[in-house]
Amino acid sequence: MTAPDRPIDRERLTAALEHANLPSLVAVLYQLTGERRWLADPFRPTRSRGMDDNDLGGFSPEVRAELRAAAVEAVTAWADGAPVAVPAPTGEALGEILSVAVGEPVPPEHAAMAAQDMGFAPAPTRVAPPNTLRVIVIGAGVSGMLAAIKLAEAGIAHVVLEKNDDVGGTWLENSYPGAGVDTPSHLYSYSFAPRAWSTHFGKRDEVWAYLRDVADHHGLRERIRFGTEVVSATYDPGAQEWTVRTADGTSLTADAVISGTGQLNRPKVPPIPGLERFRGPLFHTACWPADLDVTGKRVAVVGTGASAMQIVPAVAADVERLTVFQRSPQWIAPNDVYFAGITEGAQYLLDHVPFYRLWYRSRIAWNTNDKVHPALQRDDAWEHPERSVNALNDAHRRVFTRYLEAELGGRPDLAAKSLPDYPPFGKRMLLDNGWFAALRRENVDLVTEAVAEITETGVRGAGGTECAVDVVVLATGFETHKILYPVEVRGRSGRRLDEVWGPEDARAHLGITTTDFPNLFLTCGPGTVLGHGGSYITTAECQVRYIVDLLVTMVERGIGAVECRPEVEAEYVRRHDEAHERMIWTHPGMDNWYRNAAGRVVSALPWRIVDYWRMTREADLADFRTEPARHRGVPAGHGRRAGSGRIPTRGG
Ligand code: NAP
C-alpha cells in the first residue's frame, strides 16, 4: 500500500472518523503502527450480534476517542510517507488481527481465504501460453461477466452469448418495486472491483449500474453478443468441441463452454388453474411490466419468499388494497441498516484510509459467510427436533420469535399467522425490510392459504377465501433445479444433461463439472447456492478461478478434452448428500427450493464457504480423464499476457 497521491485532509479525516467502524479501525491501527497494544484490551471490540456492523465495538467513549485520535495521527503519518509496519499479514498473523477485529476467535483456515480476498496473498494469475483455445460463455450476468474478465486475464479467447440486450442477468431482469440485494453490498461486489455504494444493501438500479460499469471498465461488451439466446449445446467427441446453437439459427463452435446462467433465472409459474383467464395484469416477479403503476389498485401477491418480501413493503402504501397469499410463513431476521445510507464520512474512510475498506469487507464476510453454519447441523441428541436442529438453532428461533412478537405485538392475529413451526434457516432466511410494518397496515390482508384458482377478476385461496383484484403478482420463485434449463445440452454419449442427471436431480463434481460432458463447466451449479449466508459472488470467484485454472492447464499440456472421472464425481456427490443428511435443509418440517421433490438437496452448498474455497483453489488434473488435443496445436511458449479483444469462435 503506497501513500495517497493527495495528502489526507486532517480535518475531514477527523470528522469522518466519527462515522468509523471502530473494529475495522483497530486492525488498521495495528497494520499502520505495528504496535501490539492495539490488539489487546481495552482495544479489543466485542463480537457482532447477528449481522450487526457493531460500529462502536462495545468501547467506552474514552476508548473510542483514543482510537480516533490515534487513527488521525497514524493515517496522516502514513500520508506523509511513514512506512506501513505490517503491510501484508498472512497466516497466523492475519488470523490474530481478524479474530480481534471480529471480536471472537476465527478458525485458522479462514485466514488463508481472507489473505487472498484482501490482496495480502493474491491468487496467482495464471496466463496461458499462446493458444487457439476458444470458449463460449453462456450469460452475461454476475458469473458470465466474471468468467469473461478472468479468461481475458488468462489470455484465453472467448465470446459471451447473452439473451438480453444488456449485461446484468438477474439484476437486469428483476426490476420489481423494492428489488435489491440482501447481502451487504460491500461483500456483494467482486473482490477486485470495490464500489462506493450509497447504501448498505444496494437496490437493483445501483447493483445493475455497478455491473454495467464493471462491464465497461473491462471492455466486456465487445466480447458479448447481446440478444443471442442459446437453445442447444452439443459435444462432438471426435472434434473435441461444442456446437452451440442460438435462437436465431446461428451455430458457433468452441473447445469449451462455461455456463453462467445461474439457478434463479427461469421463472417458476405454478400450474394454478385459471392463470390465463385473469383480465388484468398477471405476471411473475421477474417480469414486472415497466409501465405498470399500481397506485390505487387492488393487488394480490402470491408467495412470501425473498421477492415478495421486497415488493410488499415497497407498494403497500400506494395500492388501494394488498392481499398476500401465504402458503407457508417465513423466518425473518431484523436488520437495522437495511435502508441506511453510507454516510459521507464512512465513504471518506473507505476511500482514503489505508486497509480500512479491506477490514470493513472482511468483517462483513466473517459475520455473514460461515458464522451460522454450525447452527445448521442436526444434533441427534437435541430434544426438540421438530422446531430446531440444535440448541444454537433454537436460540436463533427465540431471537427471531421475539422480534416477530415485538413487531406484531398489537396484532396477535398476524403474529399467529406469521410464526413458522419449522426450524429457522429451513427455508432461505429473509431480512426484514419493512414486511411486518406493511402487514400491520389497514389496507393489507394476509391470507394463509395457497392459491387454488385465478378467476377472471381475482384470486381464490385453497381455503375458499376470494378476493377481487386488479393485478396479480406471482412471487412464486424460479426453476432452481433445472440447471441450464431450457438449453438442450448433449454430451459425449449424445444423451441430454437432464436425462443423465434425472429430472430435477442435478449433480456435479464441485458443482462445476460432470461426467459425460467434457469441457463443460458450470458456475452456480448444483450444490453451490449459499443457504447459510455469504455472497454468491464469493462462490462465483471460486468457481471461475477453478475453471480458468483448468483451462490454462489444458493449454499448457496440449489437452483437448477433460472429463470428470465418474468415481470422482460419485464420491463428491456421496459426501455432498451425506453432509446434507446432517443439515437443516433435509428437515421434514418444511419445503424449500434447495431440495427436490424426492427430498434430495440439489441446490445448496452443504459446506462452509471456506471449505469450498479450499476445494476449488486449483483444479487437480487427476480428477479428470484427459485426451490430447487432436486439432489444436501444443503451445510453443509460456508466460504471454494475451490480449482479450478477439472473438474466437468459428461459424456463425
Ligand atoms: P421463493 O423463495 O421460491 O418463494 C416462492 C414463494 O411462492 C413461496 O412463498 C411459496 O410458498 C410460494 N408459492 C409457490 N406456489 C404457490 C401457490 N400455488 N400458492 C401460494 N404460494 C405459492 O421465490 P422468490 O421469492 O422469488 O426467491 C427466490 C430466491 O431468489 C430467494 O430465495 C433468493 O435466493 C433470491 N432472491 C434474493 C433477493 C435478495 O437478495 N433480496 C430477492 C429476491 C430473490 P412455499 O414457501 O409454501 O413453497
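Q: Which backbone atoms lie 3.2 Å from an oxygen atom of the ligand, and how is such a pair read?
A: A polar contact is a pair of N or O atoms within 3.5 Å; within protein, one must be able to donate a hydrogen and the other to accept it, and residues adjacent in sequence count only if both atoms are side-chain atoms. Here a backbone N or O atom of alanine 475 lies 3.2 Å from a ligand oxygen. For glycine 477, a backbone N or O atom is 3.4 Å from an oxygen atom of the ligand. Aspartate 182 contributes through its side chain, with an N or O atom 3.0 Å from a ligand oxygen. The protein covers 87% of the 910 Å² of accessible area that the ligand has on its own (Shrake-Rupley method, 1.4 Å probe).

Q: On what conventions do these values rest?
A: The model is predicted, so local features need pLDDT of at least 70 and side-chain atom pairs count only at pLDDT 80 or more, while totals for chains, interfaces and linings use all residues. Residues are numbered from 1 along each chain as its sequence is written, and side-chain values use heavy atoms, leaving out hydrogens and water.

Q: How many residues surround the ligand?
A: A residue is near a molecule if one of its heavy atoms lies within 4 Å of it. The ligand is surrounded by 26 residues, the closest being Ser307, Ser328, Lys427, Arg428 and Trp593. By class, the shell has 12 nonpolar, 10 polar and four charged residues. Helix α9 (residues 306-315) supplies the largest share, three residues.

Q: How many salt bridges does a search of the whole structure find?
A: Side chains of opposite charge can pair when their charged atoms come close. A salt bridge is a side-chain nitrogen of Lys or Arg within 4 Å of a carboxyl oxygen of Asp or Glu. The search finds 50 salt bridges. In one of them, glutamate 344 pairs with arginine 12, the closest N and O atoms being 3.7 Å apart. Glutamate 344 lies in helix α10 (residues 344-352) and arginine 12 in helix α1 (residues 10-16), so the pair ties together parts that are 332 residues apart in sequence.

Q: Is glutamate 344 buried or exposed?
A: Buried means under 20% relative accessible area, exposed over 50%, and partly exposed in between (1.4 Å probe, protein chains only). Glutamate 344 is exposed at 63%, whereas arginine 12 is partly exposed at 42%.

Q: Which residues are linked in a network of salt bridges?
A: Glu109, Arg608, Asp611 and Arg614 form such a network.

Note on methods:
Helices (H or I, at least four residues) and strands (E, at least two) are DSSP runs, numbered from the N terminus. Ala, Val, Leu, Ile, Met, Phe, Trp, Tyr, Cys and Pro count as nonpolar, Asp, Glu, Lys and Arg as charged, and the others, Gly among them, as polar.
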